[in-house]
Amino acid sequence: MKKIGILSTMLVLLVFLNSCLTTLHPIFTPADLVYKPELIGTWKIVENKKEKWAEINRLADADPRLLPGKTAAIKDKGYLITYKDSANTISERYIAFLARIGKHLYFDYYPAALPVTSKMDEFYLAHFVKMHIPYRLELQKEGGFTLSQLESGYMNELIEQKKIRIRHEKKEDEDIVITAPTSELQQYILKYGDDPEAYSGEKISFAKTINPKLY
Amino acid sequence: MKSIFIIITCITALFLTSCISSLHPIITADKIITDNRITGSWSSQEGEYLVEPFLKSKFFNEHKSQLFGDSPPAGKDSLLLFRSYVITYNKEGIKYELLGALTRIGQNLFMNLIPINSSAMPGSYDNSLDPPGSITTYTIAKIEISNNNSLVLHFIDGGFVYDQVIAGRMKIKHEKDDLFDTFIITASTAELRQFLEKYGHDKRIFSKENGYTFTRKK
């Protein structure tokens with residue numbers, strides 16, 4: 001099925017799956033959660049020389065239909081993060097929880113339904129399983145923050161070289177899907193959280209702003 | 001997986017909503033078969049569908065250079081792909097394409113489905129509507145072909161299998177997360193085939209209620 005996998009890889013928008021680490025299970029337990037009200041607001045992001053905006057709102061204020069599973073019980077400690085492009089179009093939306101793991105703060109992003117999703121065929125959508133996307137968050141003195149993506153290639157290499165034991169599945173197309181439970185994921189983060197090689201590319205900077213197009 | 005089970009409970013589903021998905025396929029290069037009785041235009045209560053052999057599909061013709069360049073796949077890869085079918089349907093202005101492959105397990109014929117793309121019409125693969133931050137998985141349906149003009153797809157009753165697995169009455173490798181209600185079958189291809197060998201005739205899993213009849217369009 002390698003080519004079938006290749007097909008889907010080529011044709012499916014896997015924007016976040018190409019290089020950043022994604023996991024089937026969350027990286028946090030409710031006991032790890034931290035809530036920082038200063039993250040609420042509109043943030044300007046420059047990524048690949050393109051401007052976009054992220055609106056971070058309280059998850060408690062979100063449409064309850066967006067909350068999967070039992071996350072309603074912890075919605076007071078969650079965020080709804082909506083990304084918009086320069087045309088003010090929603091491009092991505094995530095339910096996010098901030099957790100302290102060791103000495104660092106990590107966001108756990110989980111895809112939330114986009115407006116277009118409600119129009120889509122449910123049978124087709126049933127072929128997709130949402131993944132968690134962990135980011136290390138660093139608060140800046142001037143009030144902004146940065147996100148660093150964990151690199152999937154780094155973990156995959158450790159797995160291939162048998163340097164770590166972490167639960168995973170290797171798909172027919174050789175892609176690795178991390179199926180480790182939260183406790184194993186946290187062990188990985190604790191061990192490699194300070195290793196710059198565990199992170200991919202540039203940090204994404206968030207600067208608080210008012211996007212005039214939104215008001 | 002409650003994400004899937006929330007999806008499952010929506011009534012608007014095309015075929016049925018209580019299908020369950022697996023990370024691995026049920027088909028390998030040595031197990032794939034073709035049956036061109038499934039090709040053509042079909043209609044059901046849910047809409048109209050086009051089933052084309054991969055190599056004769058509009059999808060292949062439009063994207064072969066993009067997908068394969070000057071060197072088409074060879075060996076097992078090509079066998080899997082070239083014996084597959086592209087299933088296309090439109091719904092509320094969105095075009096959906098899936099890749100389907102057939103295999104026989106015991107006396108039953110099964111189809112494995114995986115999404116290729118969804119796009120607003122007129123479609124463009126640069127503007128896929130497929131949900132970001134997700135992985136693609138397979139669904140499984142048993143096919144009954146009664147004659148050249150009619151076929152029935154029975155998808156696995158995901159709700160039933162979920163309940164049985166959680167209750168420990170059915171064993172199949174899976175991952176489950178309670179907080180986000182994630183549930184996915186992670187059994188290997190061999191295990192999936194054993195499961196289907198064992199339960200292929202089980203009407204609780206492949207129930208009439210989950211059967212979807214398709215009639216060939218004249």
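Me: What is the bridge partner of B:Glu52 in strand 5 of chain B?

Reply: The partner is B:Val86. Keep in mind that this is a predicted model.

Me: What makes strand 4 and strand 5 of chain B a pair?

Reply: Two strands pair if there are at least two bridges between them. Strand 4 (residues 47–53) and strand 5 of chain B have 5 bridges. So they count as paired. The sense is antiparallel.

Me: Which strand does strand 5 of chain B join through 7 bridges?

Reply: Strand 6 (residues 94–105) of chain B, again running antiparallel. In strand 6, B:Gly100 is the bridge partner of B:Tyr85. Strands 5 and 6 of chain B form a hairpin, with 2 residues between them. B:Glu92 sits in that turn with a positive phi of about 50°.

Me: Why is strand 5 of chain B called mostly covered?

Reply: A residue is buried if 20 or more other C-beta atoms lie within 10 Å of its own. In strand 5 (residues 85–91) of chain B, 5 of the 7 residues are buried.

Me: How do you know which side of helix 4 of chain B holds its buried residues?

Reply: The buried residues of helix 4 (residues 158–166) are B:Gly158, B:Val161 and B:Tyr162. They cover an arc of only 100° around the axis, so they lie on the same side of the helix. The general rule: an α-helix has 3.6 residues a turn, so residues three or four places apart point the same way.

Me: What does the backbone do just after helix 4 of chain B?

Reply: B:Gly168 takes a positive phi of about 80° there.

Me: What makes the buried residues of helix 5 of chain B one-sided?

Reply: They are B:Leu192, B:Arg193, B:Phe195 and B:Leu196, in a helix of residues 189–199. Their arc is only 155° around the axis, which puts them on the same side of helix 5. What covers them includes strand 1 (21–22), strand 6 and strand 7 (108–120) of chain B.

Me: Which residues have the most contacts inside the largest nonpolar core?

Reply: A:Ala96, A:Tyr106, A:Phe107 and B:Ile156, in a core of 100 residues. Strand 4 (residues 90–101) of chain A gives the most to this core, with 7 residues. Leaving aside neighbours within four places in sequence, the contacts of B:Ile156 are B:Cys19, B:Ile20, B:Ile140, B:Val161, B:Ile205 and B:Phe206. In general, nonpolar side chains tend to be buried together in soluble globular proteins.

Me: What kind of barrel is found in chain A, and in what strand order?

Reply: A closed barrel of 8 strands, running 1-2-3-4-5-7-8-11 with antiparallel pairing. The twist averages 35° from one strand to the next. One of its pairings joins strand 2 (residues 50–58) to strand 3 of chain A, by 6 bridges. There, A:Glu55 has A:Thr82 in strand 3 as its bridge partner.

Me: Why is A:Asn88 called exposed?

Reply: A:Asn88 has 10 C-beta neighbours inside 10 Å, so it counts as exposed. Its place is the loop between strand 3 (78–84) and strand 4 of chain A. Most residues other than glycine have a negative phi.

Me: What makes A:Glu174 exposed?

Reply: A:Glu174 has 10 other C-beta atoms within 10 Å, so it is exposed. A:Glu174 lies in the loop between strand 9 (168–170) and strand 10 (176–178) of chain A. Phi is near 80° at A:Glu174, a positive value in a residue other than glycine.

Methods
Residues numbered from 1 in each chain as written. Chains lettered and ligands numbered in written order. Predicted model: local features only at pLDDT ≥ 70, side-chain atom pairs only at ≥ 80, totals over all residues. Buried ≥ 20, exposed ≤ 12 C-beta atoms within 10 Å, placed from the backbone. Helix = DSSP H or I, 4+ residues; strand = E, 2+ residues; numbered from the N terminus. Arc of directions from axis to C-beta. Core = buried A, V, L, I, M, F, W, Y, C linked by C-beta atoms within 7 Å. Contact = placed C-beta atoms within 7 Å. Axes fitted to C-alpha atoms, helices over the stretch in contact; angles between N-to-C directions.
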